[in-house]
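Visitor: Could you show me around this protein model, one question at a time?
Guide: Gladly! Let us bring it up and start looking.

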Amino acid sequence: EKIGSADTARAANKISAQYPDVDSICQSIVDKYEFAAEKFTVVVPKRIEDILEDSNELNHCVSRSPDRYFERIQNRESYILLLRKSNNLDKPYYTLEVEPNGTVRQTRTKHNTQGKDIKEIKEFLIAWQKEISKRLTKDDMLLGSKSNEIRLREYKELRDKKAIIRGGTYQGKLLADVLEADLLINNRRCS
């Protein structure tokens, strides 16, 4: 456990040197994106280590491809949020990648999969989108619009390259198709 913590701290220091605003960005969005309901809660990680610990516990792509995700946070293209069961906030459950306007790009649990409860989770996320839309600003919506353009361009590039998932549950499927199926667009306007 101590070795894992030291490894996480070293990785976080390296990421922080390359993406120095990530911790402050995470802390700045807490009031806007956190939301609790009876069964599920969206938690904003307060620091890089929180994101890495979550990803390591769930063994998914955020810690294996940190540059992609931390660059997106640094550029305010998307944020990593943590979905927890409300009765166990300390235990990693799902990791979310969310655009500034509340569009959910990815909802992933262990090994980049989704559990049998994904329908219930998506229902919760729709309620979360409705709530946070009251808190979003025009700047958030503008950033979300830019994120949408970037995401669409990336999907096209992935399709042009015929990028296929090489292992796991989605082996043999086009990456763009899997990502697009996960998309939960927030069409609500800010208040």
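Visitor: Which residues of H9 does H8 meet?
Guide: This is a predicted model, so we are looking at computed values throughout. From the side of H8, the residues in the contact are Tyr 155, Leu 158 and Arg 159. Their partners in H9 are Leu 175, Ala 176, Asp 177, Leu 179 and Glu 180.

Visitor: By class, how many charged residues does the contact of H8 with H9 have?
Guide: Sorting the contact by class gives five nonpolar residues and no polar ones. The charged residues in the contact of H8 with H9 number three.

Visitor: Are H8 and H9 roughly parallel or roughly antiparallel?
Guide: The two helices pack with their axes 8 Å apart, at an angle of about 150°. An angle over 145 degrees counts as roughly antiparallel. H8 and H9 are therefore roughly antiparallel.

Visitor: Which element gives the most to the lining of the largest pocket?
Guide: The largest pocket holds about 620 Å³ of space. Its lining has 28 residues, and those nearest its centre are Arg 68, Tyr 69, Leu 158, Leu 175 and Leu 179. H5, helix H6 (66–74), E5, H8 and H9 each give two or more residues to this lining. With six residues, the element that gives the most is H8.

Visitor: Which element gives the most to the lining of the largest cavity?
Guide: The structure holds one cavity of 30 Å³ or more, and about 60 Å³ of space lies in the largest cavity. The residues that line it are His 60, Cys 61, Val 62, Tyr 69, Ile 80, Thr 95, Leu 96, Glu 97, Gln 106 and Arg 108. Two or more of the lining residues come from each of helix H5 (61–64), strand E4 (94–98) and strand E5 (104–108). With three residues, the element that gives the most is E4.

Visitor: How many residues of the lining of the largest cavity are nonpolar?
Guide: Three residues of this lining are polar and two are charged. The nonpolar residues number five.

Visitor: Why is helix H4 described as largely enclosed by the rest of the structure?
Guide: H4 covers residues 48–58. Its buried residues are Ile 48, Glu 49, Asp 50, Ile 51, Leu 52, Asp 54, Ser 55 and Leu 58. H4 is largely enclosed because, of its 11 residues, the number buried is eight.

Visitor: Which residue just after H4 takes a positive phi?
Guide: Most residues other than glycine have a negative phi. Just after H4, a positive phi of about 55° belongs to Asn 59.

Visitor: Does Arg 76 count as buried, partly exposed or exposed?
Guide: Arg 76 lies in the loop between H6 and E3, and its phi is near 55°, a positive value in a residue other than glycine. In H6 itself, the buried residues are Tyr 69, Phe 70, Arg 72, Ile 73 and Gln 74. At 29% relative accessibility, Arg 76 counts as partly exposed.

Visitor: Is Tyr 79 buried or exposed?
Guide: Tyr 79 has its place in strand E3 (residues 79–85). Leaving aside neighbours within four places in sequence, Tyr 79 is in contact with Ile 25, Ile 29, Tyr 33, Ile 73, Leu 96, Glu 97, Val 98, Pro 100 and Leu 143. The C-alpha atoms of Tyr 79 and Ile 29 are separated by 9.2 Å, although the two are 50 residues apart along the chain. At 2% relative accessibility, Tyr 79 counts as buried.

Visitor: And Asn 112, is that residue buried or exposed?
Guide: Asn 112 lies in the loop between E5 and helix H7 (118–133). It is not a glycine, yet its phi is positive, at about 60°. Buried means under 20% relative accessible area, so at 19% Asn 112 is buried.

Methods:
Residues are numbered from 1 along each chain as its sequence is written. This is a predicted model: local features need pLDDT of at least 70, side-chain atom pairs count only at pLDDT 80 or more; totals for chains, interfaces and linings use all residues. Side-chain values use heavy atoms; hydrogens and water are left out. On a 1 Å grid over the protein atoms alone, a cavity is a set of points where a 1.4 Å probe fits but cannot get out, and a pocket is an open set with protein on both sides within 12 Å along at least five of seven lines; lining residues have an atom within 4 Å of a point. Grid points are joined across faces, edges and corners, and a volume is the space filled by probe spheres set on the points. Helices (H or I, at least four residues) and strands (E, at least two) are DSSP runs, numbered from the N terminus. Ala, Val, Leu, Ile, Met, Phe, Trp, Tyr, Cys and Pro count as nonpolar, Asp, Glu, Lys and Arg as charged, and the others, Gly among them, as polar. Buried means under 20% relative accessible area, exposed over 50%, partly exposed in between (1.4 Å probe, protein chains only). Axes are lines fitted to C-alpha atoms, for helices over the stretch in contact, and angles run from 0 to 180 degrees between N-to-C directions. Angles under 35 degrees count as roughly parallel, over 145 as roughly antiparallel, 65 to 115 as roughly perpendicular and the rest as oblique. Contact means heavy atoms within 4.5 Å.
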